[in-house]
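Please open the model in a viewer and keep the selection panel at hand.

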Amino acid sequence: MLSKNNDDQQALAKTYASSISMVVPRRLLVLIALLLAAFTTIVHADDDAQSANIATVTSESMTDGSDTLRTNNEQSLTTPTQPTTAVSGDAIQQFVAGDFSQRQAMLSAWPGSVESLDNLVELIANDELYQGNRGQTYLLNAEDQLFTYPDKTETSDWPSDLSQVTLTNTLRSALIFGQAKVKLESDKPAQRLQAVEILADNIDQVDPAIITAAAANEDNANVQKALTALQARIDFKNGDLPTQIEAVNLLADSDNPQVLVDLESALTSDNLDPTLEAALSDARDSVARRIEISTWTGHIFTGMSTASILLLAALGLAITFGLLGVINMAHGELIMIGAYTTYMVQNLFKAYLPDMVGWYLLAAVPAAFLVSAVIGMIIERIVIRPLYGRELETLLATFGVSLILMQLVRMIFGAQNVEVSNVAWLSGAYQVSSSLVLPYNRIAIIVFTVIVVALLVYLLNKTRFGLFIRAVTQNRQMARAVGIPSARIDMMAFGLGSGLAGMAGCALAQVGNVGPDLGQTYIIDTFLVVVVGGVGQVWGAVLAALGLGVSGTVLEIGIGAVLAKIVLLVLVILFIQKRPQGLFALKGRFVE
(Lines give C-alpha, C1' and ligand atoms only; values in the text may rest on other atoms or scores of the structure.)
Protein backbone atom coordinates (compact mmCIF):
# COMPACT_ATOMS: atom_id res chain seq x y z
CA MET A 1 0.00 0.00 0.00
CA LEU A 2 2.79 2.38 0.97
CA SER A 3 4.91 1.65 -2.18
CA LYS A 4 1.87 2.03 -4.42
CA ASN A 5 1.12 5.44 -2.97
CA ASN A 6 4.73 6.49 -3.43
CA ASP A 7 4.69 5.39 -7.08
CA ASP A 8 1.52 7.38 -7.69
CA GLN A 9 3.02 10.47 -6.16
CA GLN A 10 6.24 10.09 -8.13
CA ALA A 11 4.31 9.61 -11.37
CA LEU A 12 2.30 12.73 -10.64
CA ALA A 13 5.47 14.62 -9.95
CA LYS A 14 7.02 13.49 -13.26
CA THR A 15 3.92 14.48 -15.19
CA TYR A 16 3.93 17.86 -13.57
CA ALA A 17 7.64 18.23 -14.28
CA SER A 18 7.27 17.38 -17.94
CA SER A 19 4.45 19.90 -18.34
CA ILE A 20 6.53 22.74 -17.05
CA SER A 21 9.93 21.63 -18.35
CA MET A 22 9.77 24.32 -20.93
CA VAL A 23 10.06 27.08 -18.34
CA VAL A 24 11.86 25.51 -15.36
CA PRO A 25 15.40 23.99 -15.40
CA ARG A 26 15.55 20.19 -15.25
CA ARG A 27 17.73 20.07 -12.10
CA LEU A 28 15.19 22.14 -10.19
CA LEU A 29 12.39 19.84 -11.34
CA VAL A 30 14.27 16.78 -10.11
CA LEU A 31 14.80 18.42 -6.72
CA ILE A 32 11.08 19.26 -6.39
CA ALA A 33 10.08 15.70 -7.32
CA LEU A 34 12.40 14.24 -4.70
CA LEU A 35 11.00 16.57 -2.02
CA LEU A 36 7.41 15.62 -2.90
CA ALA A 37 8.19 11.90 -2.70
CA ALA A 38 9.91 12.29 0.68
CA PHE A 39 7.01 14.35 2.10
CA THR A 40 4.44 11.77 0.93
CA THR A 41 6.38 8.93 2.54
CA ILE A 42 6.55 10.74 5.90
CA VAL A 43 2.81 11.59 5.91
CA HIS A 44 1.71 8.03 5.14
CA ALA A 45 4.06 6.62 7.71
CA ASP A 46 2.52 8.89 10.36
CA ASP A 47 -1.01 7.94 9.29
CA ASP A 48 -0.26 4.22 9.54
CA ALA A 49 1.28 4.69 12.98
CA GLN A 50 -1.75 6.65 14.21
CA SER A 51 -4.12 3.99 12.84
CA ALA A 52 -2.19 1.27 14.64
CA ASN A 53 -2.29 3.27 17.90
CA ILE A 54 -6.04 3.91 17.59
CA ALA A 55 -6.72 0.22 16.98
CA THR A 56 -4.63 -0.72 20.00
CA VAL A 57 -6.32 1.84 22.29
CA THR A 58 -9.81 0.88 21.08
CA SER A 59 -9.16 -2.79 21.72
CA GLU A 60 -7.79 -2.07 25.19
CA SER A 61 -10.66 0.31 26.08
CA MET A 62 -13.30 -2.20 24.98
CA THR A 63 -11.69 -4.88 27.12
CA ASP A 64 -11.24 -2.58 30.10
CA GLY A 65 -14.75 -1.09 29.72
CA SER A 66 -16.35 -4.51 29.69
CA ASP A 67 -14.40 -5.56 32.77
CA THR A 68 -15.18 -2.29 34.57
CA LEU A 69 -18.91 -2.49 33.84
CA ARG A 70 -19.02 -6.08 35.04
CA THR A 71 -17.12 -5.17 38.21
CA ASN A 72 -19.38 -2.16 38.94
CA ASN A 73 -22.53 -4.21 38.47
CA GLU A 74 -21.24 -6.76 40.97
CA GLN A 75 -20.63 -4.16 43.66
CA SER A 76 -23.15 -4.21 46.53
CA LEU A 77 -25.06 -1.25 47.95
CA THR A 78 -22.61 -0.91 50.83
CA THR A 79 -19.42 -0.86 48.75
CA PRO A 80 -18.06 2.71 48.57
CA THR A 81 -16.46 3.90 45.34
CA GLN A 82 -14.74 7.23 44.97
CA PRO A 83 -14.78 9.34 41.81
CA THR A 84 -11.61 8.93 39.83
CA THR A 85 -11.24 12.58 38.83
CA ALA A 86 -12.20 15.66 40.84
CA VAL A 87 -14.55 18.06 39.07
CA SER A 88 -15.23 21.60 40.32
CA GLY A 89 -18.68 22.70 41.47
CA ASP A 90 -21.28 21.23 43.77
CA ALA A 91 -22.32 17.57 43.66
CA ILE A 92 -24.85 18.01 40.85
CA GLN A 93 -22.35 19.92 38.71
CA GLN A 94 -19.77 17.21 39.29
CA PHE A 95 -22.29 14.57 38.27
CA VAL A 96 -23.18 16.38 35.04
CA ALA A 97 -19.54 17.00 34.10
CA GLY A 98 -18.42 13.45 34.86
CA ASP A 99 -18.24 10.49 32.51
CA PHE A 100 -20.04 7.17 32.97
CA SER A 101 -17.61 5.71 35.51
CA GLN A 102 -17.45 8.95 37.50
CA ARG A 103 -21.23 9.21 37.64
CA GLN A 104 -21.55 5.60 38.76
CA ALA A 105 -18.89 6.14 41.42
CA MET A 106 -20.63 9.29 42.69
CA LEU A 107 -23.95 7.46 43.01
CA SER A 108 -22.26 4.73 45.03
CA ALA A 109 -20.72 7.32 47.40
CA TRP A 110 -22.63 10.58 46.96
CA PRO A 111 -20.36 13.50 47.96
CA GLY A 112 -23.15 16.01 48.57
CA SER A 113 -26.11 16.31 50.92
CA VAL A 114 -29.25 14.21 50.92
CA GLU A 115 -31.21 17.19 49.64
CA SER A 116 -28.88 17.62 46.66
CA LEU A 117 -29.34 13.96 45.71
CA ASP A 118 -33.11 14.33 45.98
CA ASN A 119 -32.83 17.43 43.80
CA LEU A 120 -30.84 15.46 41.22
CA VAL A 121 -33.48 12.72 41.17
CA GLU A 122 -36.25 15.29 40.69
CA LEU A 123 -34.42 17.15 37.91
CA ILE A 124 -33.72 13.96 35.97
CA ALA A 125 -37.29 12.72 36.48
CA ASN A 126 -38.65 16.02 35.12
CA ASP A 127 -36.21 16.05 32.14
CA GLU A 128 -34.85 19.43 33.24
CA LEU A 129 -31.12 18.70 33.64
CA TYR A 130 -28.85 19.57 30.68
CA GLN A 131 -25.12 19.76 29.91
CA GLY A 132 -23.38 22.40 27.84
CA ASN A 133 -20.63 21.81 25.29
CA ARG A 134 -17.95 22.58 27.90
CA GLY A 135 -19.51 20.56 30.70
CA GLN A 136 -21.58 23.40 32.18
CA THR A 137 -24.83 22.56 33.99
CA TYR A 138 -28.13 24.06 32.79
CA LEU A 139 -31.80 23.73 33.68
CA LEU A 140 -34.40 23.77 30.90
CA ASN A 141 -38.06 24.00 31.96
CA ALA A 142 -41.22 23.06 30.07
CA GLU A 143 -41.54 26.61 28.68
CA ASP A 144 -38.11 26.28 26.97
CA GLN A 145 -36.53 28.73 29.39
CA LEU A 146 -32.84 28.01 29.99
CA PHE A 147 -31.32 28.70 33.41
CA THR A 148 -27.76 28.50 34.59
CA TYR A 149 -27.01 26.26 37.56
CA PRO A 150 -26.70 26.67 40.51
CA ASP A 151 -27.74 30.35 40.55
CA LYS A 152 -30.83 29.53 38.41
CA THR A 153 -30.56 32.74 36.40
CA GLU A 154 -32.32 32.75 33.04
CA THR A 155 -29.95 33.07 30.11
CA SER A 156 -30.38 33.69 26.40
CA ASP A 157 -26.82 32.50 25.58
CA TRP A 158 -27.63 28.92 24.59
CA PRO A 159 -24.64 26.57 24.14
CA SER A 160 -24.10 25.27 20.62
CA ASP A 161 -24.32 21.66 21.78
CA LEU A 162 -26.86 21.43 24.63
CA SER A 163 -27.57 17.83 25.60
CA GLN A 164 -29.99 16.36 28.13
CA VAL A 165 -28.57 14.38 31.03
CA THR A 166 -30.14 10.93 30.81
CA LEU A 167 -29.43 7.67 32.60
CA THR A 168 -28.74 4.19 31.34
CA ASN A 169 -30.37 1.28 33.16
CA THR A 170 -27.15 0.70 35.09
CA LEU A 171 -26.97 4.31 36.25
CA ARG A 172 -30.68 4.42 37.01
CA SER A 173 -30.33 1.38 39.25
CA ALA A 174 -27.26 2.92 40.87
CA LEU A 175 -29.20 6.14 41.43
CA ILE A 176 -32.04 4.31 43.17
CA PHE A 177 -29.81 2.39 45.52
CA GLY A 178 -27.42 5.29 45.97
CA GLN A 179 -30.33 7.42 47.15
CA ALA A 180 -31.42 4.64 49.52
CA LYS A 181 -27.89 4.30 50.89
CA VAL A 182 -27.51 8.02 51.58
CA LYS A 183 -30.89 8.18 53.31
CA LEU A 184 -30.19 5.07 55.39
CA GLU A 185 -27.12 6.82 56.79
CA SER A 186 -29.07 9.98 57.63
CA ASP A 187 -29.65 11.03 61.23
CA LYS A 188 -33.26 11.97 60.41
CA PRO A 189 -35.85 9.17 60.90
CA ALA A 190 -38.04 10.57 58.11
CA GLN A 191 -35.24 10.17 55.57
CA ARG A 192 -34.40 6.67 56.79
CA LEU A 193 -38.07 5.82 56.37
CA GLN A 194 -37.92 7.12 52.79
CA ALA A 195 -34.90 4.87 52.19
CA VAL A 196 -36.89 1.84 53.31
CA GLU A 197 -39.68 2.83 50.92
CA ILE A 198 -37.19 3.10 48.04
CA LEU A 199 -35.86 -0.38 48.83
CA ALA A 200 -39.40 -1.74 49.13
CA ASP A 201 -40.20 -0.48 45.63
CA ASN A 202 -37.20 -2.45 44.33
CA ILE A 203 -37.51 -5.48 46.57
CA ASP A 204 -36.35 -7.98 43.95
CA GLN A 205 -32.91 -6.32 43.82
CA VAL A 206 -32.39 -5.78 47.56
CA ASP A 207 -29.66 -7.64 49.40
CA PRO A 208 -31.23 -9.02 52.65
CA ALA A 209 -27.96 -8.32 54.46
CA ILE A 210 -28.57 -4.60 54.01
CA ILE A 211 -31.93 -4.83 55.78
CA THR A 212 -30.46 -6.90 58.60
CA ALA A 213 -27.61 -4.44 59.15
CA ALA A 214 -29.95 -1.44 59.08
CA ALA A 215 -32.41 -3.04 61.50
CA ALA A 216 -29.63 -3.87 63.96
CA ASN A 217 -28.61 -0.20 64.18
CA GLU A 218 -32.08 1.38 64.08
CA ASP A 219 -33.48 3.03 67.20
CA ASN A 220 -36.63 4.65 65.77
CA ALA A 221 -39.82 2.63 66.24
CA ASN A 222 -41.44 3.63 62.93
CA VAL A 223 -38.34 2.92 60.87
CA GLN A 224 -37.80 -0.36 62.72
CA LYS A 225 -41.38 -1.36 61.94
CA ALA A 226 -40.89 -0.54 58.25
CA LEU A 227 -37.65 -2.55 58.14
CA THR A 228 -39.36 -5.51 59.82
CA ALA A 229 -42.19 -5.40 57.27
CA LEU A 230 -39.68 -5.25 54.41
CA GLN A 231 -37.74 -8.18 55.84
CA ALA A 232 -41.00 -10.11 56.17
CA ARG A 233 -41.82 -9.48 52.50
CA ILE A 234 -38.37 -10.76 51.50
CA ASP A 235 -38.75 -13.83 53.74
CA PHE A 236 -42.18 -14.54 52.26
CA LYS A 237 -40.75 -14.51 48.73
CA ASN A 238 -37.60 -16.52 49.43
CA GLY A 239 -38.08 -18.49 52.66
CA ASP A 240 -39.22 -22.01 53.41
CA LEU A 241 -42.74 -22.86 54.62
CA PRO A 242 -42.30 -22.06 58.35
CA THR A 243 -40.52 -18.82 57.46
CA GLN A 244 -43.28 -17.87 55.02
CA ILE A 245 -46.02 -18.49 57.59
CA GLU A 246 -44.18 -16.39 60.18
CA ALA A 247 -43.67 -13.63 57.59
CA VAL A 248 -47.38 -13.66 56.63
CA ASN A 249 -48.38 -13.28 60.28
CA LEU A 250 -46.12 -10.23 60.53
CA LEU A 251 -47.50 -8.74 57.32
CA ALA A 252 -51.06 -8.97 58.67
CA ASP A 253 -50.39 -5.77 60.65
CA SER A 254 -49.45 -3.83 57.50
CA ASP A 255 -51.54 -1.34 55.54
CA ASN A 256 -49.23 -1.27 52.53
CA PRO A 257 -51.17 -1.70 49.25
CA GLN A 258 -48.25 -3.60 47.73
CA VAL A 259 -48.42 -6.13 50.56
CA LEU A 260 -52.09 -6.69 49.74
CA VAL A 261 -51.15 -7.26 46.09
CA ASP A 262 -48.50 -9.80 47.12
CA LEU A 263 -50.94 -11.66 49.37
CA GLU A 264 -53.69 -11.80 46.76
CA SER A 265 -51.19 -12.98 44.15
CA ALA A 266 -49.94 -15.71 46.46
CA LEU A 267 -53.50 -16.93 47.11
CA THR A 268 -53.96 -17.58 43.38
CA SER A 269 -51.07 -20.05 43.33
CA ASP A 270 -51.75 -23.76 42.94
CA ASN A 271 -50.95 -26.45 45.51
CA LEU A 272 -50.80 -24.11 48.48
CA ASP A 273 -50.18 -25.60 51.88
CA PRO A 274 -53.47 -25.42 53.85
CA THR A 275 -51.81 -23.73 56.82
CA LEU A 276 -50.15 -21.16 54.59
CA GLU A 277 -53.38 -20.59 52.68
CA ALA A 278 -55.31 -19.92 55.89
CA ALA A 279 -52.62 -17.50 57.09
CA LEU A 280 -52.65 -15.74 53.72
CA SER A 281 -56.43 -15.37 53.79
CA ASP A 282 -56.46 -13.93 57.32
CA ALA A 283 -53.60 -11.56 56.51
CA ARG A 284 -55.30 -10.40 53.32
CA ASP A 285 -58.51 -9.51 55.18
CA SER A 286 -56.57 -7.69 57.90
CA VAL A 287 -54.48 -5.67 55.45
CA ALA A 288 -57.53 -4.80 53.30
CA ARG A 289 -59.39 -3.56 56.38
CA ARG A 290 -56.47 -1.40 57.48
CA ILE A 291 -56.10 0.06 54.00
CA GLU A 292 -59.81 0.89 53.90
CA ILE A 293 -59.57 2.70 57.24
CA SER A 294 -56.55 4.68 56.02
CA THR A 295 -58.32 5.50 52.76
CA TRP A 296 -61.40 6.88 54.48
CA THR A 297 -59.23 8.81 56.91
CA GLY A 298 -57.55 10.40 53.90
CA HIS A 299 -60.95 11.23 52.38
CA ILE A 300 -62.10 12.88 55.59
CA PHE A 301 -58.86 14.87 55.78
CA THR A 302 -59.34 15.99 52.18
CA GLY A 303 -62.91 17.01 53.02
CA MET A 304 -61.69 18.97 56.03
CA SER A 305 -59.08 20.78 53.96
CA THR A 306 -61.75 21.61 51.36
CA ALA A 307 -64.00 22.80 54.17
CA SER A 308 -61.19 25.02 55.48
CA ILE A 309 -60.82 26.63 52.06
CA LEU A 310 -64.57 27.18 51.82
CA LEU A 311 -64.67 28.60 55.33
CA LEU A 312 -61.83 31.03 54.62
CA ALA A 313 -63.64 32.18 51.50
CA ALA A 314 -67.01 32.45 53.28
CA LEU A 315 -66.02 34.19 56.52
CA GLY A 316 -65.76 37.60 54.93
CA LEU A 317 -69.01 37.16 53.05
CA ALA A 318 -70.74 36.04 56.25
CA ILE A 319 -69.84 39.36 57.85
CA THR A 320 -70.69 41.66 54.93
CA PHE A 321 -73.85 39.79 53.93
CA GLY A 322 -75.03 39.58 57.51
CA LEU A 323 -74.23 43.19 58.36
CA LEU A 324 -75.21 45.02 55.21
CA GLY A 325 -77.65 42.65 53.55
CA VAL A 326 -75.67 43.08 50.32
CA ILE A 327 -75.21 40.19 47.89
CA ASN A 328 -71.61 40.94 46.97
CA MET A 329 -70.93 39.22 43.65
CA ALA A 330 -67.40 40.70 43.65
CA HIS A 331 -66.39 38.67 46.72
CA GLY A 332 -64.73 36.03 44.53
CA GLU A 333 -62.61 38.70 42.86
CA LEU A 334 -61.44 39.90 46.27
CA ILE A 335 -60.21 36.34 46.84
CA MET A 336 -58.44 36.57 43.47
CA ILE A 337 -56.81 39.87 44.47
CA GLY A 338 -55.42 38.22 47.59
CA ALA A 339 -53.90 35.46 45.46
CA TYR A 340 -52.31 37.95 43.05
CA THR A 341 -50.99 39.95 45.99
CA THR A 342 -49.26 36.78 47.15
CA TYR A 343 -47.76 36.44 43.67
CA MET A 344 -46.47 40.02 43.76
CA VAL A 345 -44.94 39.59 47.22
CA GLN A 346 -43.20 36.45 46.00
CA ASN A 347 -41.70 38.33 43.04
CA LEU A 348 -40.56 41.19 45.27
CA PHE A 349 -38.76 38.75 47.55
CA LYS A 350 -37.12 37.07 44.54
CA ALA A 351 -35.93 40.44 43.21
CA TYR A 352 -34.83 42.20 46.40
CA LEU A 353 -34.58 39.54 49.14
CA PRO A 354 -33.49 36.35 47.35
CA ASP A 355 -31.95 34.89 50.52
CA MET A 356 -35.33 35.12 52.31
CA VAL A 357 -37.59 34.01 49.46
CA GLY A 358 -38.51 30.90 51.44
CA TRP A 359 -40.31 33.11 53.97
CA TYR A 360 -42.26 35.31 51.57
CA LEU A 361 -45.55 33.74 52.70
CA LEU A 362 -45.25 35.32 56.15
CA ALA A 363 -45.28 38.74 54.49
CA ALA A 364 -47.87 37.76 51.87
CA VAL A 365 -50.62 37.00 54.43
CA PRO A 366 -50.85 40.53 55.95
CA ALA A 367 -50.24 42.09 52.53
CA ALA A 368 -53.14 40.14 51.00
CA PHE A 369 -55.37 41.20 53.89
CA LEU A 370 -54.50 44.89 53.58
CA VAL A 371 -54.76 45.13 49.79
CA SER A 372 -58.12 43.33 49.64
CA ALA A 373 -59.42 45.30 52.64
CA VAL A 374 -58.55 48.66 51.05
CA ILE A 375 -60.13 47.68 47.73
CA GLY A 376 -63.20 46.41 49.57
CA MET A 377 -63.62 49.69 51.47
CA ILE A 378 -63.31 51.61 48.20
CA ILE A 379 -66.03 49.43 46.66
CA GLU A 380 -68.27 49.96 49.69
CA ARG A 381 -67.77 53.71 49.68
CA ILE A 382 -68.23 54.29 45.93
CA VAL A 383 -70.53 51.51 44.70
CA ILE A 384 -72.51 49.96 47.55
CA ARG A 385 -73.26 52.88 49.89
CA PRO A 386 -75.56 54.75 47.46
CA LEU A 387 -77.53 51.53 46.89
CA TYR A 388 -78.31 50.42 50.48
CA GLY A 389 -81.78 48.89 50.74
CA ARG A 390 -81.91 48.07 47.01
CA GLU A 391 -80.77 44.44 46.90
CA LEU A 392 -81.23 43.84 43.17
CA GLU A 393 -79.28 46.97 42.24
CA THR A 394 -76.40 46.06 44.58
CA LEU A 395 -76.27 42.55 43.10
CA LEU A 396 -76.02 43.92 39.56
CA ALA A 397 -73.54 46.63 40.59
CA THR A 398 -71.19 44.22 42.38
CA PHE A 399 -71.44 41.81 39.45
CA GLY A 400 -70.23 44.65 37.22
CA VAL A 401 -67.42 45.34 39.68
CA SER A 402 -66.37 41.69 39.48
CA LEU A 403 -66.14 41.90 35.69
CA ILE A 404 -64.09 45.09 35.91
CA LEU A 405 -61.66 43.55 38.41
CA MET A 406 -61.19 40.43 36.28
CA GLN A 407 -60.49 42.50 33.19
CA LEU A 408 -58.01 44.71 35.05
CA VAL A 409 -56.14 41.62 36.21
CA ARG A 410 -56.06 40.29 32.64
CA MET A 411 -54.66 43.61 31.42
CA ILE A 412 -51.97 43.76 34.11
CA PHE A 413 -50.93 40.12 34.52
CA GLY A 414 -52.26 38.49 31.36
CA ALA A 415 -54.98 35.90 30.83
CA GLN A 416 -52.74 32.94 31.68
CA ASN A 417 -52.26 31.56 35.17
CA VAL A 418 -49.27 32.83 37.13
CA GLU A 419 -46.95 30.61 39.14
CA VAL A 420 -46.97 30.89 42.92
CA SER A 421 -44.43 28.45 44.30
CA ASN A 422 -44.86 26.62 47.55
CA VAL A 423 -42.43 27.56 50.27
CA ALA A 424 -39.96 24.84 51.18
CA TRP A 425 -41.32 24.34 54.67
CA LEU A 426 -44.80 23.57 53.26
CA SER A 427 -43.58 21.19 50.56
CA GLY A 428 -43.84 17.46 50.99
CA ALA A 429 -46.19 15.47 53.16
CA TYR A 430 -46.43 13.75 56.52
CA GLN A 431 -46.69 10.00 56.04
CA VAL A 432 -48.93 8.55 58.71
CA SER A 433 -48.73 5.07 57.20
CA SER A 434 -47.98 3.38 53.91
CA SER A 435 -51.45 4.20 52.60
CA LEU A 436 -52.06 7.56 54.32
CA VAL A 437 -50.11 10.69 53.40
CA LEU A 438 -51.12 14.17 54.55
CA PRO A 439 -49.70 17.11 52.53
CA TYR A 440 -48.08 19.81 54.63
CA ASN A 441 -49.72 22.66 52.71
CA ARG A 442 -53.22 21.37 53.44
CA ILE A 443 -52.35 20.79 57.09
CA ALA A 444 -51.14 24.39 57.21
CA ILE A 445 -54.41 25.64 55.66
CA ILE A 446 -56.45 23.81 58.31
CA VAL A 447 -54.30 25.26 61.11
CA PHE A 448 -54.40 28.72 59.51
CA THR A 449 -58.20 28.57 59.26
CA VAL A 450 -58.51 27.59 62.92
CA ILE A 451 -56.32 30.56 63.90
CA VAL A 452 -58.32 32.98 61.73
CA VAL A 453 -61.64 31.75 63.13
CA ALA A 454 -60.35 32.08 66.71
CA LEU A 455 -59.14 35.64 66.07
CA LEU A 456 -62.41 36.57 64.36
CA VAL A 457 -64.51 35.20 67.23
CA TYR A 458 -62.37 37.16 69.70
CA LEU A 459 -62.72 40.32 67.60
CA LEU A 460 -66.51 40.06 67.36
CA ASN A 461 -67.14 39.05 70.98
CA LYS A 462 -64.40 40.68 73.05
CA THR A 463 -63.69 44.06 71.42
CA ARG A 464 -65.54 47.37 71.11
CA PHE A 465 -65.45 47.13 67.31
CA GLY A 466 -67.05 43.69 67.45
CA LEU A 467 -69.75 44.99 69.77
CA PHE A 468 -70.59 47.74 67.28
CA ILE A 469 -70.75 45.22 64.42
CA ARG A 470 -73.14 42.98 66.34
CA ALA A 471 -75.28 45.97 67.35
CA VAL A 472 -75.58 47.28 63.78
CA THR A 473 -76.27 43.76 62.48
CA GLN A 474 -79.12 43.15 64.93
CA ASN A 475 -80.78 46.59 64.89
CA ARG A 476 -79.29 49.35 62.77
CA GLN A 477 -81.78 52.08 63.83
CA MET A 478 -81.29 51.44 67.54
CA ALA A 479 -77.50 51.37 67.07
CA ARG A 480 -77.67 54.77 65.42
CA ALA A 481 -79.89 56.05 68.20
CA VAL A 482 -77.29 55.23 70.85
CA GLY A 483 -74.51 56.96 68.92
CA ILE A 484 -72.83 54.16 66.99
CA PRO A 485 -71.45 55.55 63.67
CA SER A 486 -73.13 52.95 61.47
CA ALA A 487 -71.70 54.31 58.22
CA ARG A 488 -68.14 53.98 59.48
CA ILE A 489 -68.87 50.54 60.93
CA ASP A 490 -70.32 49.48 57.57
CA MET A 491 -67.15 50.52 55.76
CA MET A 492 -64.79 48.94 58.29
CA ALA A 493 -66.82 45.72 58.46
CA PHE A 494 -66.83 45.50 54.67
CA GLY A 495 -63.07 46.03 54.73
CA LEU A 496 -62.71 43.26 57.35
CA GLY A 497 -64.74 40.85 55.22
CA SER A 498 -62.75 41.78 52.12
CA GLY A 499 -59.47 41.31 53.99
CA LEU A 500 -60.56 37.84 55.08
CA ALA A 501 -61.29 37.07 51.42
CA GLY A 502 -57.77 38.23 50.55
CA MET A 503 -56.25 35.86 53.12
CA ALA A 504 -58.36 33.07 51.61
CA GLY A 505 -56.79 33.89 48.24
CA CYS A 506 -53.33 33.75 49.81
CA ALA A 507 -54.08 30.26 51.13
CA LEU A 508 -55.59 29.11 47.83
CA ALA A 509 -52.43 30.19 46.01
CA GLN A 510 -50.57 27.41 47.83
CA VAL A 511 -52.86 24.60 46.65
CA GLY A 512 -54.19 25.63 43.24
CA ASN A 513 -53.73 27.74 40.15
CA VAL A 514 -53.79 31.52 40.32
CA GLY A 515 -55.61 33.14 37.41
CA PRO A 516 -58.24 35.78 36.62
CA ASP A 517 -61.06 33.24 37.03
CA LEU A 518 -59.97 32.04 40.47
CA GLY A 519 -62.84 33.74 42.32
CA GLN A 520 -65.54 32.30 40.05
CA THR A 521 -64.58 28.80 41.20
CA TYR A 522 -65.54 29.48 44.82
CA ILE A 523 -68.24 32.15 44.76
CA ILE A 524 -71.21 29.75 44.53
CA ASP A 525 -69.91 27.42 47.25
CA THR A 526 -69.20 30.47 49.40
CA PHE A 527 -72.81 31.67 49.18
CA LEU A 528 -74.02 28.14 49.97
CA VAL A 529 -71.91 28.11 53.15
CA VAL A 530 -73.30 31.49 54.26
CA VAL A 531 -76.93 30.61 53.51
CA VAL A 532 -76.80 27.16 55.14
CA GLY A 533 -74.90 28.40 58.19
CA GLY A 534 -77.12 31.40 58.80
CA VAL A 535 -76.69 35.03 57.82
CA GLY A 536 -73.94 36.70 59.82
CA GLN A 537 -73.22 33.64 61.99
CA VAL A 538 -69.55 32.62 62.25
CA TRP A 539 -70.21 29.28 63.95
CA GLY A 540 -72.94 28.56 61.45
CA ALA A 541 -70.43 29.16 58.65
CA VAL A 542 -67.97 26.80 60.34
CA LEU A 543 -70.48 23.94 60.60
CA ALA A 544 -71.84 24.56 57.10
CA ALA A 545 -68.35 24.55 55.58
CA LEU A 546 -67.48 21.29 57.35
CA GLY A 547 -70.74 19.68 56.26
CA LEU A 548 -70.50 20.80 52.63
CA GLY A 549 -66.76 20.07 52.35
CA VAL A 550 -66.78 16.58 53.83
CA SER A 551 -70.10 15.49 52.29
CA GLY A 552 -69.01 16.80 48.88
CA THR A 553 -65.77 14.80 49.06
CA VAL A 554 -67.57 11.63 50.14
CA LEU A 555 -70.20 11.98 47.39
CA GLU A 556 -67.47 12.48 44.76
CA ILE A 557 -65.96 9.12 45.72
CA GLY A 558 -69.18 7.26 45.08
CA ILE A 559 -70.89 9.04 42.17
CA GLY A 560 -68.32 11.39 40.60
CA ALA A 561 -67.73 15.13 40.80
CA VAL A 562 -70.58 16.29 38.53
CA LEU A 563 -73.32 14.19 40.10
CA ALA A 564 -71.96 14.98 43.56
CA LYS A 565 -72.34 18.71 42.91
CA ILE A 566 -75.93 18.21 41.66
CA VAL A 567 -76.89 16.08 44.67
CA LEU A 568 -75.32 18.59 47.04
CA LEU A 569 -77.27 21.48 45.51
CA VAL A 570 -80.51 19.51 45.78
CA LEU A 571 -79.81 18.78 49.44
CA VAL A 572 -79.08 22.47 50.10
CA ILE A 573 -82.35 23.50 48.43
CA LEU A 574 -84.32 21.03 50.53
CA PHE A 575 -82.56 22.25 53.68
CA ILE A 576 -83.33 25.91 52.93
CA GLN A 577 -86.97 25.09 52.29
CA LYS A 578 -87.14 23.39 55.67
CA ARG A 579 -85.06 25.99 57.54
CA PRO A 580 -84.87 29.30 55.62
CA GLN A 581 -82.81 31.06 58.30
CA GLY A 582 -80.02 28.47 58.22
CA LEU A 583 -78.47 26.48 61.04
CA PHE A 584 -78.29 29.48 63.37
CA ALA A 585 -80.99 32.13 63.04
CA LEU A 586 -79.99 35.71 63.72
CA LYS A 587 -81.94 37.22 66.61
CA GLY A 588 -82.94 40.83 67.14
CA ARG A 589 -85.82 43.21 66.62
CA PHE A 590 -84.54 44.27 63.21
CA VAL A 591 -84.51 40.76 61.79
CA GLU A 592 -87.77 39.76 63.43
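Which residues make a nonpolar surface patch of about 690 Å²? In this predicted model, select Ile-559, Val-562, Leu-563, Ile-566, Val-567, Val-570, Leu-571 and Leu-574, which together form that patch.

Next, colour helix α22, residues 561–578. This helix gives the most to the nonpolar patch, contributing seven residues. Ile-559, also a member of the patch, lies in helix α21, residues 538–559. Ile-559 counts as partly exposed because its relative accessibility is 38%, and the partly exposed class lies between the buried limit of under 20% and the exposed limit of over 50%.

Now move to the sheet. Four strands, in the order β3-β2-β1-β4, form an open sheet with antiparallel pairing. Select β3 (146–148) and β4 (163–164) to see the edge strands, each of which pairs on one side only.

The last stop is helix α6, residues 169–184. Its 16 residues reach 23 Å from the first C-alpha to the last, close to the 22 Å expected at 1.5 Å a residue. Show the side chains of its buried residues, among them Leu-171, Leu-175, Phe-177 and Val-182; the buried set also includes Gln-179, Lys-181 and Lys-183. Against which helices do the buried residues of α6 pack? Select α4 (100–108), α5 (114–125) and α7 (189–201) to display these packing partners.

Terms used. Residues numbered from 1 in each chain as written. Predicted model: local features only at pLDDT ≥ 70, side-chain atom pairs only at ≥ 80, totals over all residues. Heavy atoms only, no water. Patch = residues over 30% accessible without salt bridge, like charges linked within 9 Å, V, L, I, M, F, W, Y side chains within 5 Å. Areas by Shrake-Rupley, 256 points an atom, 1.4 Å probe, with all protein chains shown as cover. Salt bridge = Lys/Arg side-chain N within 4 Å of Asp/Glu carboxyl O. Helix = DSSP H or I, 4+ residues; strand = E, 2+ residues; numbered from the N terminus. Buried < 20%, exposed > 50% of the residue type's maximum accessible area, 1.4 Å probe, protein only. Pairing = 2+ DSSP bridges. Expected span 1.5 Å × (residues − 1). Contact = heavy atoms within 4.5 Å.
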